[in-house]
Amino acid sequence: SLHDDDELPASIRSRGLPMVIGGRNGESDAPWVDVDNERGAALAAQLLVDTGCQVVGTITGPFDMTAGRDRYAGFETALAGAGRTLTDDLVATGDFSRESGARAMAELSLREGALEVALSKAAEAAALLIEAEGAAHPDVAAAEDTLGRALYALGRHTEARAEFEAALKAREARFGLESPL
């Protein structure tokens, strides 16, 4: 995909070279091939709604790229079809890189209580894991560490400490007091 102001198609055309662009570009009349970004984003939004997600947001691509605009449009349209509104506080923009996606996810997680919702679901999952596998299972310690980090990020330090101590206790039960884990 190209940004709308990318001069590459014009440069190639001026040299008389054949080309096909990978990703539709709204500013170029060059031939192109692309995936259906709008439909793909709509299917993703619908899946989130169908699986019961109450707070649904998105990380878009740059709006100076057709792919970014199409994905946003598809996501927004699907949510509207489900009677939901995609508000600005549930949208973050990335540049299609892993790093920008991670930054955007962190940004969204701190908005609108999304981290609180995720924390609640993680606590439920940890409780189910303890029930199914027992408190000494290694995944229990990892889950409690994750809960501790989330609680700490929310400023709930006393609760975070309790989770970190529970994780340590689970590791000690599994590996012994002298283990570096």
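Modeller: Leaving out residues up to four places away in sequence, Asp64 touches Leu2, His3, Asp4 and Arg69, where contact means heavy atoms within 4.5 Å. This is a predicted model, in which local features need pLDDT of at least 70 and side-chain atom pairs count only at pLDDT 80 or more, while totals for chains, interfaces and linings use all residues. Residues are numbered from 1 along each chain as its sequence is written, and side-chain values use heavy atoms, with hydrogens and water left out.

Asp64 is placed in the loop between strand S3 (58-60) and H3; helices (H or I, at least four residues) and strands (E, at least two) are DSSP runs, numbered from the N terminus. Along the chain Asp64 and His3 are 61 residues apart, yet their C-alpha atoms are separated by 5.5 Å. With a relative accessible area of 31%, Asp64 is partly exposed. On this scale buried means under 20% relative accessible area, exposed over 50%, and partly exposed in between (1.4 Å probe, protein chains only).

One aromatic pair is present in the structure. It joins Phe63 and Tyr72, whose ring centres are 5.4 Å apart and whose planes stand at 75°, so the pair is edge-to-face. Rings of Phe, Tyr and Trp (its six-membered ring) pair if their centres lie within 6.5 Å, and planes under 30 degrees apart count as stacked, over 60 as edge-to-face and the rest as tilted. Phe63 has 40% relative accessibility and counts as partly exposed, whereas Tyr72 is buried at 18%.

Helix H3 (residues 66-81) packs with helix H2 (residues 37-50) at an angle of about 35°, and the two axes are 7 Å apart. Axes here are lines fitted to C-alpha atoms, for helices over the stretch in contact, and angles run from 0 to 180 degrees between N-to-C directions. H2 passes H3 in a right-handed crossing. On the H2 side the contact includes Asn37, Glu38, Ala41, Ala42 and Ala45, and on the H3 side it includes Ala67, Asp70, Arg71, Ala73 and Gly74. A crossing is right-handed if the near helix is turned clockwise from the far one by less than a right angle, and left-handed if anticlockwise.

The other helix pair to describe is H6 with H7. Helix H6 (residues 138-153) and helix H7 (residues 157-175) have axes 8 Å apart and an angle of about 165°. That makes H6 roughly antiparallel to H7, given that angles under 35 degrees count as roughly parallel, over 145 as roughly antiparallel, 65 to 115 as roughly perpendicular and the rest as oblique. The crossing of H6 past H7 is left-handed. Among the residues making this contact are Ala141, Asp145, Gly148 and Tyr152 of H6, and Glu163, Phe164, Ala167 and Arg171 of H7. Asp145 of helix H6 is buried, at 16% relative accessibility. Beyond four places in sequence, Asp145 touches Phe164, Ala167 and Arg171.

Ala30 belongs to the loop between strand S1 (21-22) and strand S2 (32-33), and with a relative accessible area of 4% Ala30 is buried. Its contacts, neighbours within four places aside, are Arg13, Met19 and Ile21. Ala30 and Ala10 lie 20 residues apart in sequence and 8.9 Å apart in space, C-alpha to C-alpha. Ile21 itself is in strand S1 and is buried at 8%. Ile21 and Ala170 are 149 residues apart in sequence, and 54 Å lies between their C-alpha atoms.

The charged end of Arg24 sits over the ring of Trp32, 6.0 Å from its centre; the criterion is NZ of Lys or CZ of Arg within 6 Å of the ring centre and within 35 degrees of the ring normal.

Two residues remain. Phe96, in the loop between strand S4 (91-93) and helix H4 (98-109), has a phi near 75°, a positive value in a residue other than glycine. Most residues other than glycine have a negative phi. Phe96 counts as partly exposed, at 39% relative accessibility. Ala132 is in helix H5 (residues 114-133) and counts as exposed at 60%. The C-alpha atoms of Ala132 and Glu7, 125 residues apart along the chain, are separated by 58 Å.
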